[in-house]
Amino acid sequence: MDSKQPSPTNEPVLREHVYDGIQEYDQKLPNWWLFTLYLAIAYFVIHWLCYYQLGLGSSDEMVIDQAIAEMQVARDKQMESITDEQLWALSRDTAAVEAGKATFMTQGMCVSCHGPDLSGTLGGAKLPGLPLSDKEWKHGGTPTEIFKIVRKGSPDVTKGMAAWELMLGMKRVSEVVAFVLSHHKEGEPVTRAADSPPLAAPAAAK
Amino acid sequence: MTSTAASKVPIEFNDKVVRQFMLASIIFGGVAMLAGVFIASQLNFHQLNLAEWMTFGRLRPLHTNAAIFAFVGNMMFAGIYYSTQRLCKCRMGSDRLSAIHFWGWQLIIVAAVITLPLGLSRGKEYAELIWPINVAVAVIWVVFAVNFFLTLHKRNEPSLYVALWFYIATIVTVAMLYIVNHLSIPTSWTHSYGIFGGVQDGLVQWWYGHNAVAFFLTTPILGIMYYFLPKAAERPVYSYRLSIVHFWSLVFLYIWAGPHHMLNTALPKWLQMLGVFFSLMLWAPSWGGMINGLLTLRGAWDKLRTDPVIKFFIAAVTFYGMCTFEGPLLSIRAVNALSHYSDWTIGHVHSGALGWNGFMAAGMFYWLAPRLWNTKLYSVALANFHFWIGTLGILLYVVAMWISGIMQGLMLNQVTADGLALKNTFLDTLQAIRPLMGLRVIGGGMFLAGWLVMCYNLWRTIRSGTPVNEVREVAVLQHGKTDTMGMKDTFFNDPMACVMGAMILILGWIFLPPGADIASLICAIVFGYLAVRRFQKTSHTWANWYDRLLHNYLPFTVLTFVAVVIGGLIQIIPTITVNSAKNVEDRIQKLYEPLELVGRDIYVSEGCYNCHSQMIRTLVPDVMRYGDYSRLGESIYDHPFQWGSKRTGPDLAREGMVGQRSDSWHYAHLMDPRSMSPQSNMPPYAHLNTKAFDQKTLPTKIAVMRRLGVPYPPMDATEIKMKALEQGVKIATELKKSNIVVRPDSEMVAVIAYLQKLGHFDQVEVEENLSRKGQGVPFPLSPVIPDKARRADGSK
């Protein structure tokens, strides 16, 4: 590179040509500057090689899908310990109730057995499900008890209520419960049906 | 032409057109800044959305277009016309073309000032102007190009100075970018659909948008710096060698960096990675320009104290350095996850536009005015005042935007202790940045005040002098010695062979299937080593070739074009396959019903995209706030795409998902945003209620959509109109239930229909795709998209 202008001193070479009075030195490129350029190029090559050829690292979709799945698991876990108060609060949240209603009313879901008006009847005929709009509850009428039976089904799942947790997921279960609860008032009296199974220990019910 | 080289002739430069462009730039600069201060005020005071045509969504494009094309455009032309004549030692190619260029450009600006507030917009940033104006811009640009190259052709200076290299790059690249990004099919005299859609439109848009910054706001101004800075400092340029390296690396690398505007989105990963890496590699070439500017002042730093021109130039170059350091930083995906869609980006562009462009312009005008009007600058003190108030204004602006962007980004990402819920609503974050948006108005206002002081100072200067056109005795160049290089000399030589060989091998590494890619990389490294060895041995032949190239303007132009065209081709062509519906893998958007399409066009023309994105990134906070991340297929039929670049309001990609919001909510919100979202700063859109939507052009619009490959079934005009009206009636009936009376043919129902459609998609059958993939094993050397050939994904 220096074959053209060997400069005996350290003085920068001034090129001869003059453009409208402007002249140019021909300084060497600063080393630190060259170094940053080389570093950026090397980084490109190494990073690309690692990701595409060596297959290191995950794709964006895999990362985000996993993060969201983990959050869902954590949410479900949190839902396990949901309280009566939280479920009542949810029943006052219109968005949750609306979503619960949509699930409830879907063909083949809750509506098939409990009826569109939650009475357990359709046009006077009795449906397989129990009424949900009255104050009598076979398996317990506190919000958490209702929540549990929607999740796990009736104690003997071969008869009566099916378990919905796997199919709907915890979030939609909670929304359906919110919808059911929206037909009731917090603090209203709850009676147990005559054919209610014996009460489990209260601590276990929670 | 006289026979001897020594014969001298007097030449009068065309300085009239320089004066014209300069005055136009000063006036439109003021207009652009005033518009900026006004729309920045609207962010805090929604009451300033005084009328339909004065809403933020319509005025923001006016501000950006005025700043880029009217202010910097005219400034650039003034600088180019002044310096090119002197560097070529001849008058501009044609006086008539110069005049057509000037008046044509001003007419375009006037047309933009009228059409943008009327809501006539293509809906792509800095490419909003409607198609007839696009045609005019292209024609005037060609006029400019012809005039410029005519000047080069008849020049009396054999060799091209570095400033001219940058002008050449500007002219060819802007022509290419502008034409490709504005390709569209008209549906009427004022409306058209761009031929690209979805992700491909995004890619073309940011290839254009990013390089509007590069080749409209950077390269011509670097050229101007290379002429005016050494002139003002009366010092030689720091390094010719640095000029060569930074020019070529800048023009080659810049083009690739566009995808960094769409990081963490549905844009394929390999394009995102190219965007990031090329942005990082761009840091050094950009700083090469800064170094050459700053170090030219070595030995003349004392002038910084006394000469306002030098002050402006040095501050401008420093802002350029700051801005081009910040750019690569913002391109890093992790940083971008926080900064993108926030005010940080806005601060970044303004440190460039005000600091680099604004101060280069001011320095150049202070230098030119006394020379063009043969007088002295009226007041150095006022120029110094301009400098200080302008500098403080920019700093205030930029710092406010840094704080605002980082704070809003952090607040949007904040989650509750269990990590399962977001802590702040979008409106909470908006309230938090309000004081900073206020500071921004003050900073911008200070810059504008400085500009007005300059106007006064220059006006007094001009009044004290008379316009003069410089006349010079010039030695006429004997033709036949320059511009003799043929195609063979241009392309077949060591430098070109080395560069092209390395390029092809690197492309092989990126695009060849597994096995061949590694082989190609190894070849590239060996080849690179051999090329460097060869260069060390024969560098003088390389230098001689380059010196010869500088004596040949057409080959130089061709090589510049080759350098800028490569990046675009490699990024855009493969996405033609990625973006076609049959290659989409998981989700594909549902077609817009006719009424929804009308609503979409209104959404675009109102400029909603200036504040609302439609792209949920693959980031946890985005997904938590707005829903499942956006897929590539979910905007595939969108002409234009509306991924957005700034969230002054929330993302709308899934606004229409079931159970989200009712029609009556949207109605009330559009009539008065604050009735539904207290403290929102969105303009009201009550005027949508009073206007009927455009039924007449709807069939044409659907027909154009079909031509663009959107699979609408065949429908006749009445059918289309009936469909639109039926849907309108349905929405109007729904609204009546909430005691809201709207016309079923109003723009209001169309926009509601569109908003309610956002986020609706069909699931694509996966098996069908798998079977298609199995068909035909590809030839081992046929190119593949890197994401498909990736080792880890292939094995899963």
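Domain bounds here come from an automatic or database domain assignment. For chain B that assignment gives domain 1 (17-475) and domain 2 (587-763), and their C-alpha centres sit 33 Å apart. Bear in mind that this is a predicted model: local features need pLDDT of at least 70, side-chain atom pairs count only at pLDDT 80 or more, and totals for chains, interfaces and linings use all residues. Residues are numbered from 1 along each chain as its sequence is written, with chains lettered from A and ligands numbered from 1 in the order in which they are written.

Now for where the domains meet. Residues are in contact if their C-beta atoms, placed from the backbone, lie within 7 Å. On that basis, domain 1 of chain B puts in 46 residues and domain 2 of chain B 47 residues. Helix 2 of chain B gives the most to the domain 1 side, with five residues. Helices (H or I, at least four residues) and strands (E, at least two) are DSSP runs, numbered from the N terminus.

Next, a helix pair. Helix 5 (residues 162-181) of chain B packs on helix 6 of chain B at about 155°, with the axes 10 Å apart; axes are lines fitted to C-alpha atoms over the stretch in contact, and angles run from 0 to 180 degrees between N-to-C directions. So helix 5 of chain B is roughly antiparallel to helix 6 of chain B (over 145 degrees counts as such).

| Helix of chain B | Residues in the helix 5–helix 6 contact |
|---|---|
| Helix 5 | Ala169(B), Thr170(B), Thr173(B), Val174(B), Leu177(B), Val180(B), Asn181(B) |
| Helix 6 | Val204(B), Gln205(B), Tyr208(B), Asn211(B), Ala212(B), Phe215(B) |

Note on methods
Contact = placed C-beta atoms within 7 Å. Parallel < 35°, antiparallel > 145°, perpendicular 65-115°, else oblique.
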